[in-house]
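Q: Can you walk me through this one? I'd like to start with how the strands pair.

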Amino acid sequence: GSIRPTLRSNGSRAINFNPSLQFDGTEDFLDDADGEDYINGVSGFSTFVIVDSDTNAADRYIFNSESSPTSAEAPWGLRFDDAGALSGRDNTLKTGINTGTAELYEGDEDNIASADPLLIDLHWESGDYPRIFVNGKNISTHPETTKSGSLSGADYARIGHQGGHSFWDGT
């Protein structure tokens, strides 16, 4: 189930005059309970989102696919990370890949969150490490270890929340 965010078709929360979804940071998210059907088994993906955060420097999920709070970025997920435990970076992005065992990766750049909309592309192919592009710039991920195989462990596809963590706040 989900508590739906607000559709903004114009005004202050539309991005580049295009409709967007406004998440209030309290309890709204979108959920596809059948997401595991199209996530599990793939050996590569590219996910493109445009986000505009109302709350910087917070552990807030943009999207994810696993209900376990211990490795929630994997097998397919992305969130802002306030204090990067892997890279030592502050206010960066964190993602994960699970092809039987989960591997977490963090952006190797500080202060990625911004008051302006960010174009983010998360890309991974079997045999490589995930790559995160922010506004067209490839930000290195840490660690730079490769991951081979097909994704496994997805429970759903969700935008805006992961159990045990904060809800997305912004568009």
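**Strand pairing and core**

A: This is a predicted model. Strand E11 (residues 137-139) is joined to E10 by 3 bridges, and the two run antiparallel.

Q: How many residues sit between E10 and E11 in the hairpin?
A: There are 2 residues between them, and asparagine 135 in the turn has a positive phi of about 50°.

Q: And which residue in E11 is the bridge partner of isoleucine 132?
A: Isoleucine 139.

Q: What about E9 and E10, how many bridges there?
A: E9 and E10 pair over 4 bridges, in the antiparallel sense. Aspartate 121 stands opposite phenylalanine 133 of E10. The hairpin of E9 and E10 has 5 residues between the strands, and glycine 127 there takes a positive phi near 95°.

Q: Which residues have the most contacts inside the largest nonpolar core?
A: Ile62, Leu78, Leu93, Ile120, Ile132 and Val134, in a core of 24 residues. The largest share of this core comes from E9, with 4 residues.

Q: Changing topic: is Phe48 buried or exposed?
A: Phenylalanine 48 is exposed, because its relative accessible area is 53% and the cut-off for exposed is over 50%. Phe48 lies in strand E4 (residues 44-51). With Ile50 and Leu119, Phe48 forms a nonpolar surface patch of about 280 Å² accessible area together.

Q: Which element has the lowest mean pLDDT?
A: Strand E14 (residues 169-170), at 67, while helix H1 (residues 36-39) has the highest, 92. The protein chain averages 78.

Terms used. Residues numbered from 1 in each chain as written. Predicted model: local features only at pLDDT ≥ 70, side-chain atom pairs only at ≥ 80, totals over all residues. Heavy atoms only, no water. Patch = residues over 30% accessible without salt bridge, like charges linked within 9 Å, V, L, I, M, F, W, Y side chains within 5 Å. Areas by Shrake-Rupley, 256 points an atom, 1.4 Å probe, with all protein chains shown as cover. Salt bridge = Lys/Arg side-chain N within 4 Å of Asp/Glu carboxyl O. Buried < 20%, exposed > 50% of the residue type's maximum accessible area, 1.4 Å probe, protein only. Core = buried A, V, L, I, M, F, W, Y, C linked by side-chain atoms within 4.5 Å. pLDDT = per-residue confidence, 0-100. Pairing = 2+ DSSP bridges.
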